[in-house]
Structures are given as C-alpha cells and as structure tokens.
Amino acid sequence: MSLHEPLPHDSAARHASGEALYIDDLPEPRDLLHAAIGLSARPHARLAAVDLAAVAAARGVVCVVTAADIPGVNDVGSAAHGDPLLAAAEVEYAGQAIFAVAAETVRDARRAARRAQVTYHDLPALLTVDDALAARSFVLPSKTLVQGEPGAAIARAPHRLSGRLDLGGQDHFYLEGQIAMALPQEGGELKIYSSTQHPTEVSHMVSRVLALPCHRIGVEVRRMGGAFGGKESQASQIACIAALLAHHTRRPVKLRLDRDDDMVLTGKRHGFRIDYEVGFDDTGRILGVDFLLAGHCGFSPHLSGPVNDRAMFHADNGYFLENARIVSHRCKTHTVSNTAFRGFGGPQGMMAIEQVIDEISRHLGRDPYAVRRVNFYGKAPRNRTPYGMEVRANPLPALTARLARTSAYARRRREIAAFNRENPWIKRGIALTPVKFGISFTLTQMNQAGALVHVYTDGTIHLAHGGTEMGQGLLVKVAQVVANEFALPLERVRITATSTEQVPNTSATAASSGSDLNGAAARAAAITLKARMARVAAAEFGVPAGEVRFANGAVRAGNHTIGFDELARLCHRHRVSLSATGFYRTPGLAYDPAAMRGEPFFYFAYGAAVAEVEIDVLSGEYRILRADLLHDCGRSLNPAIDRGQIEGGFVQGAGWLTTEELWWDAQGSLRTHAPSTYKIPACSDLPRDFRVAFWAGRSHAPALHRAKAVGEPPLMLAMSVFFAIRDAIAATAHHRARPRLDAPATPERVLLAIAALAAGGGAAAAGVVAA
C-alpha cells in the first residue's frame, strides 16, 4: 500500500532527536573493557623486537594480545588471504596493527597503546603507483581485456592523442567510526555487535581467528552511521580484535577507533594512474583506444581484484568501443590496502573514458557533448561492451537530450563564453557527462539473499533479512515491499536488526543491490505466507484460493471480507504456520571470470548531469554555481529515499574529485588523517542551484517492481563538476590548449594548471565551439 510513495526514512525522526541507537549508544554491560590498537610507525620493516612490558603495566590494563595469542588463523582477508589481524614478523604499512590492549577505560587503553617499545629493521618501501610499476610489484596478476584490433585502428585513425590522468583515493569518512562490541556468552559462545555491511563475513572471520564454529557466533547490526564500502570487509578486523580480547579475558570488550586511528588503519578508495592512447575521426568518433589502468592497491590483495575488474568493465561508460584494449595492473605498495568504496572501481574506469572524450573534443574544437553523442551505444552491432554484454534499451541518447533541453545547456554554454570574454579574473565552465553503471556483484555467488517473515495473530508483521542499514534507507524500502504484498499499512511491519542468528549466509549490503536482493527475498517470504493464508480463507468461505484478495488491510474471499488480523488468528486456530523464509537469486547472470566475457550484470543504471562552475584565476578557488541531475531510478520504490541518494552521491563524488586529498609523506605516513587536514564537502560547497529529476522514459528495468538501484550510480554524476572545472581552466587560454588536471582538482592544482597554460604548457586545442 505504501510502495512507490515518498515516505521518510524509518529512523529519520530518531536520527534528529538522538534516539536512534548506534553501538556506542547501547547500554554498556557490567565489567566492560575498552580496547585500543598499537600501530606501526614504519611502512615496511621487520619487527626486531616488540616490548610490551610498559603497556601491560600501564594503569587499568587487563590484557595485551599479539599475533602469538591468536588461537586460530591470523588472517582476516575476505576475497583473498594476506591481511593479518595483527602483524607478526613484518609490517607492510605505516599504521598496521601490531598488538591490541584491553583496559578499564577508553583513556587507559589508548594511553597504554602508546607505551610500546618497538624496534624496527627498515626494509625498502614502495609508496606510489609509479614505484610499483617500475618494480613490477603487483598484489595479483595483471589482466587484459581486448575487443577488436585497437592497435591497427589507432594507427589508421585520422587523429591520435595520448595522455595520462592521475586519480587520488578517498577516505570514507563515515560519521560513525569503526566499532564493535564482543560479549562472551555461556558455553564459550560470542555475541558481537558490529558496525558492518557484512555480518556474515564478520562471523566467518571471527570463526577463523578464534577457531570457533560459526553457529557459536552471533553478529548483529541495527544501523551504521555511514559506511560507503568502508565497512564491507574492514569491519571484520575491528570485530575480531574485540572478540580476541573477549576470548582471553572472558569479559565484554568494546573497540571504538578514534578518527585519526581510523583513517590511518583503514583502506580508502583506490587511487589510479590512467594512461591512454586513442584514435578518432573528424567527428570525434573513437576508432580505437588503448588504456592502462594501474590501481593503487596497497600491501595485500584484499578486495582489489574485483575493484580493478569493475574499473575495467566501466572504462566504456556509455560509449561503444569497437576496438579497445584495457590493461589492468593491481599495484602492490607499502601503504594500507585499499578497499571497497561507493562505485567499487566503476568511477575510476569511467573517468578514464570521460577524460579521453574531453581531450578529443578540445583537440577538434567541438562541444564535448557533441562528441559524447556520436560515441554513445546504439543499435546492433554498436551495442556490445568490450566484455561481450548486450546493452539493452539504452536510454542515454534520449536521457541526455532531455537534460540538455531542461538545463538549457546550449544557451548557457554561449552565455558562459560571453561571460568569459568580459571577465579576465573569473572564468566559468560547464560540462554534461553521462553514467552507465552495471548492477550486480561481479562475483556471481554473492547475488543471493534470504529473508524471514512472521505474521503475528494481531495482524502485525516481523521482518528480518540479510541487508544492513547504513543510512541509505534499505530497511524502509524492504518494509514497503512487504507491506505492499500484504496490502497493509507500513506501520504494521516491524523493522528489525540484521542478525546472523535470524538470516544466515547473507551477502554484503553492497554493489547497489541491497533493495533488489533483499526486497525480492522478503517478497518471496510474504508470497509464501499469503498463499497459506489464502488457502485457509478459501476453505473457511468455500471459494477457490485464487479468488482470495488482500486489499486495504483486509482479505476478501468471494462475498466475504475478513480483517487481516482475524485471518491470522484463524490460521493459528487451524495450526497453519505464520512464519516463512524467502530466498532470491539474481537470474540471467552468465560470466566467465577467466575470460572476462559474458553478462556479469543484471542491468545497467543510467543518469546524466550538467554542472556549471566558476573559478578564481588568481587563487584557483572555485564554486559550483548550478547542477542539473537526471537519473534513471526505474519505478522508484521510494522517491524520497532515492532523491536523497542522488543528491548525497553527487556531493560525495564531487568531494572525491575536488577537495578530498589524501597525502602521504616520504616515510609512508598518512598526514591527512583528521577533518583539520582532510576536507570533505561542507554545506557551503553544495551547488547554489541544485536540481534533481527522475528519468521517466524507456529503460531496461527487470528488477523488483521495475525499480532500479540508486546507491552508487549517482556518485559518478559528479564527473560533470571535474570537467566543468577543466572547461573553466581552458577558458583562461581561450580554449587554445588542453589543460593538464589531475584529481582531486584542489585549488592548488587548479592554480598550477592555469599557470601552466599561461606559460605555454598544455597540448594544443582548436577551441571549443558552442553547442
């Protein structure tokens, strides 16, 4: 009954009032200990000696553990081994965990952790992607994806360009930091509250580290204060350390990282070095392209395999690449292992092709949007991705045309050109960029979900499933699906915490698939219950079960109407189960990971954005004047929630590409590890004129109730901001040169790019004409 309505987040009022409970808000059990972690001060070294006597003797300390105290396996790597819970003989990044301490108070634990005496024997350290490429240092084998004959096509092309783009990483900067609380139970069992996107993985990792079977470990999460991929796998280390200390002390233990330690210890979005060579014709149509994507992975494989795979899959964005080679290097450095982040490699791949499109347009003196249009996927044979997947019902040509009209793109480009001619010290730029993002886990086995639904005899519903809530509104969406299936008001459905003790073997809430998977599983459970209840109503009133209808909180069987609660009681009297599980697996996925061919995605999500910016030529500072976003949500399950995801994703993407700079010093230590030095967007950074609309046209939407995923794709709409800044920089040289600009485009980088153009730097360009 509430499906497709713009309802508020289920916890919105409690968020505002402070009544929404996070792990650090839960009542603390008696005898609770607090934990802290001792971190490495070197990027690469042998541990010659680790003297923890002063730590153990510090005030309030109850327990100190090292790798030697782990009863099971010292590894919390999920997709691949190589992530020690605590470093044993060698450290491989500055900030790596060496030991953990439990004390009576948070202050005691943190002060004690700083008293360790560690003797290092330093080893050579590779700190950058360039270092790793030069040393051929990789965490996993490189991969190559080829379609057509790119070398020959580039050689024959009338025009050729080559270049390089460097993309920085991004810290997740979730409001609630990493935290877990482990409570020993009777019989050696453990209850763990974890701020995690993947409770099942936490259960598996604790099982591995403590050598306990999974059925003796319960993991629960009601909500997270943000995650963005940073709690998909990294939460396991925090939970395992708390569990290890609880195992040794037989007391509850809570580990809550402070912001500095959180940023130093945990991985980020992968930075990338992108090299490209492209051949194209006079219209800007790409005839052949060759990409090198070098991902900054850190010291271990972690999730870098699938992240870099997805970057390869998205190096086409919305464009048909008839002849393409995409080489992916997974670079090993002595820095923290980078991890999942909203988009999971997709944004980096998209930036590669969007840079190429922008370069082509400036070389030819054509409007970048015109060059984008001639390269869009079209009808067969121009509808196959480099990995062989068919692009069905592609809305991008129509979607971007509509956005160009509603945003007055062509008129504004002309007005911006006139403004720039009259203003030497302030320059404006504009860009229209599209998004095509694949929806599904590329690891096919992850595309499954389970749910558990109970109907109580008063007609209320208990709902549990494997999805986790991190502020994105998943729980209210799934509740809407169940309420709609039973034709009940939403308030009759109780949203519960996610627990491995209710729904086992769950997948991570990630890959923008939370609603698709868990909503479908919950609907399956509801359909099972409805069928049971319909049979009871049919027998009671003497009608075929197919004639029983659920509507408006009641059930109609022929000429008889009974309240839903009355039917629930009737079922109970007839000893009919009012509890059901539901299961869903994404259909139609057929992907060969060895060949990198097939259909790894269920469908694509689409969108486009127009951004207009203004830069100060003397300082490099800029502001976003206006943003027009048009996004394909299919038939949205909840337009209010989806609008919030679109707006938030765009702002977070703009932060990645503009203000959020990660900086390591020559000793491999992260120096931007607090909000004083790491700048996420503030309210003042929002576009002054911010317009969001939903695409209502034709689109391929095969998922639940024809809705489409909206968690990750909007982040990539912010590419328009980066290329609008680049457009404004080019205006300082009258569009006669192509500026060199890496991301994040901080004011310093903008100013350096302007200075380089003024000094005659930058490749020649023909000058951009109005659309």
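Trainee: In which loop does S513 lie?
Mentor: S513 lies in the loop between β20 and α15. Helices (H or I, at least four residues) and strands (E, at least two) are DSSP runs, numbered from the N terminus. Keep in mind that this is a predicted model: local features need pLDDT of at least 70, side-chain atom pairs count only at pLDDT 80 or more, and totals for chains, interfaces and linings use all residues. Residues are numbered from 1 along each chain as its sequence is written, and side-chain values use heavy atoms, with hydrogens and water left out.

Trainee: Why is S513 called buried?
Mentor: Buried means under 20% relative accessible area, exposed over 50%, and partly exposed in between (1.4 Å probe, protein chains only). S513 has 3% relative accessibility, so S513 counts as buried.

Trainee: What makes F228 partly exposed?
Mentor: Its relative accessible area is 28%, so F228 falls in the middle class. F228 is found in the loop between β11 and α7. Its phi is near 60°, a positive value in a residue other than glycine.

Trainee: Which class does A393 belong to, buried or partly exposed?
Mentor: A393 has 23% relative accessibility, so A393 counts as partly exposed. A393 sits in the loop between α11 and α12, and its phi is near 45°, again positive in a residue other than glycine.

Trainee: Where is there a cis peptide bond at P381?
Mentor: The cis bond joins A380 and P381, with omega about 10°. P381 is in the loop between α11 (368–375) and α12 (396–406). The peptide bond from A743 to P744 is also cis, with omega near 5°.

Trainee: How do you know that the span of α6 agrees with its residue count?
Mentor: The expected span of a helix is 1.5 Å times one less than its number of residues. The 12 residues of α6 should therefore span 16 Å, and its end C-alpha atoms are 16 Å apart, which agrees. For α15, 28 residues reach 39 Å from first C-alpha to last, close to the 40 Å expected.

Trainee: What makes α6 mostly covered?
Mentor: Of its 12 residues, 10 are buried. Among them are P199, V202, M205 and L210. The buried residues of α6 pack against β10 (190–194), β11 (217–221), α7 and β20 (498–499).

Trainee: What makes a set of residues a nonpolar core?
Mentor: A nonpolar core is a set of buried Ala, Val, Leu, Ile, Met, Phe, Trp, Tyr and Cys residues joined through side-chain atoms within 4.5 Å. The largest one here has 148 residues, and F291, F486, M533 and L567 have the most contacts inside it. Helix α15 (residues 514–541) gives the most to this core, with 12 residues.

Trainee: Why is this core said to lie between domain 2 and domain 3?
Mentor: Domain 2 (272–442 + 594–764) and domain 3 (448–585) both give residues to the core, so the core lies between them. Domain bounds come from an automatic or database domain assignment.

Trainee: How many residues of domain 2 are in contact with domain 3?
Mentor: 20 residues of domain 2 are in contact with 20 residues of domain 3. Contact means heavy atoms within 4.5 Å.

Trainee: Why is N308 called buried?
Mentor: N308 has a relative accessible area of 0%, so N308 is buried. N308 is placed in helix α9. Leaving aside its neighbours within four places in sequence, N308 is in contact with residues including H270, F272 and C297.

Trainee: What makes a space a cavity, and what makes one a pocket?
Mentor: On a 1 Å grid over the protein atoms alone, a cavity is a set of points where a 1.4 Å probe fits but cannot get out, and a pocket is an open set with protein on both sides within 12 Å along at least five of seven lines; lining residues have an atom within 4 Å of a point. Grid points are joined across faces, edges and corners, and a volume is the space filled by probe spheres set on the points. The largest cavity has a volume of about 230 Å³. The second largest pocket has about 850 Å³, and the largest share of that pocket's lining, five residues, comes from α9.
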